[in-house]
Amino acid sequence: MTGVGKQGGTILFHSEVSDKAWPIELQKAFPEFRVCTQLSDAVPTDVVAAVVWNPPPGMFEALTGLRLIQVLGAGVDKFLSDDRLPKGVPIARLVDPGLTARMTEYVLMHSLALHRQMPDLQRAQREHRWTFIHPTPPERTCIGILGLGVLGTSCARALTSAGFTVVGWSRSRKEGLDFPSYAGLEELDQFKQQADIIVLLLPLTRETEDLVDESFLATVKSGAALINVGRGKLVVDNALIRALDAGLLRHAILDVFRTEPLPFDHPFWDHPKITITPHNSSATNPATALDQVIVNIRRALAAEPLQHQVDPAHGY
């Protein structure tokens with residue numbers, strides 16, 4: 001093993017889908033460390049920081065010198081569920097302006113498509129039917145945002161600017177919003193009964209897993225649509241299919257799934273009322289997120305408080 005660095009440390013970067021500039025830029029920022037993209041290229045006990053997305057189970061077990069797990073995204077449920085993590089290692093999530101902007105674009109794009117009934121127009125095209133659907137102003141469509149963190153509030157602002165009526169829901173009460181919001185399970189039905197389009201942007205926790213089940217879908221507004229850009233396990237797959245087949249929902253836009261990539265034989269692929277995208281609603285960008293990662297690595301090495309450190313008790 002060569003190039004371990006003056007401090008004897010290694011920074012592990014592991015992501016199969018992230019921008020290839022990440023490890024290059026990290027090496028520039030930390031010339032005294034060795035940056036590896038494969039655990040097999042490192043001495044596990046030398047790894048002091050892991051910058052990762054979608055790591056394999058047990059990856060961190062041998063990293064006994066680890067001082068930071070920096071997640072290249074906002075979701076951390078997979079990390080918190082790994083019982084082989086070295087004890088006491090802090091986890092930080094990423095709050096990236098670029099990621100937020102891309103997510104906001106995605107939600108706005110698909111909200112507009114659902115508002116203008118693009119799934120119906122596409123179905124008519126496949127069937128060679130000339131079907132005129134009269135366009136309506138966006139204020140007639142109410143979009144409900146489930147989850148009012150950084151991503152949810154950004155999407156709400158963009159949708160409001162586009163003319164949509166917006167309502168929000170969160171686990172606990174949010175103050176200072178410029179649109180109506182609800183909080184707690186006791187107000188969830190009030191929220192649902194207003195929303196023509198429901199956007200899922202909740203973190204995956206013990207409280208939110210399987211939230212969108214048969215009972216949830218039985219009380220949505222008639223003819224509502226669903227956009228899931230949160231986590232696949234927020235939605236019970238079979239319950240969603242039954243709701244679509246029964247006409248409780250008119251369409252679902254799905255970017256996240258219980259198993260990714262989505263299995264070849266999964267019924268979502270061919271369902272006429274489901275639009276699938278391959279978890280590409282957003283992604284981290286080194287140009288906008290690198291500084292945050294650099295700061296957190298430096299803080300972790302100095303045993304200082306991290307930016308956006310995860311609270312395992314809350315799950316985010």
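Below is a short chat about a few spots in this predicted model.

Me: Ground rules before we start: what is the numbering, and what is left out?
Reply: Residues count from 1 along each chain as its sequence is written, and side-chain values use heavy atoms, with hydrogens and water left out. The model is predicted, so local features need pLDDT of at least 70 and side-chain atom pairs pLDDT 80 or more, while totals for chains, interfaces and linings use all residues.

Me: OK, Asp255. Where is it?
Reply: Asp255 is in the loop between strand S11 (249-254) and strand S12 (274-276); strands here are DSSP E runs of at least two residues, numbered from the N terminus.

Me: Buried or exposed, and what is the nearest side chain of opposite charge?
Reply: Asp255 is buried, meaning under 20% relative accessible area (1.4 Å probe, protein chains only). The nearest side chain of opposite charge is Arg231, 7.9 Å away, and Asp255 has no salt bridge (a side-chain nitrogen of Lys or Arg within 4 Å of a carboxyl oxygen of Asp or Glu).

Me: Which side chain does it make a polar contact with?
Reply: The side chain of Thr277, at 2.6 Å. A polar atom of the Asp255 side chain also lies 2.9 Å from the backbone nitrogen of Asn280.

Me: Switching topic: what is the peptide bond from Glu260 to Pro261 like?
Reply: That bond is cis, with omega near -5 degrees. Pro261 is found in the loop between S11 and S12. Most peptide bonds are trans.

Me: And which phi does Asn54 have?
Reply: Asn54 has a positive phi of about 55 degrees, although it is not a glycine.

Terms used: Helices (H or I, at least four residues) and strands (E, at least two) are DSSP runs, numbered from the N terminus. Buried means under 20% relative accessible area, exposed over 50%, partly exposed in between (1.4 Å probe, protein chains only). Lys and Arg count as positive and Asp and Glu as negative; His and the chain ends are not counted. A polar contact is a pair of N or O atoms within 3.5 Å; within protein, one must be able to donate a hydrogen and the other to accept it, and residues adjacent in sequence count only if both atoms are side-chain atoms.
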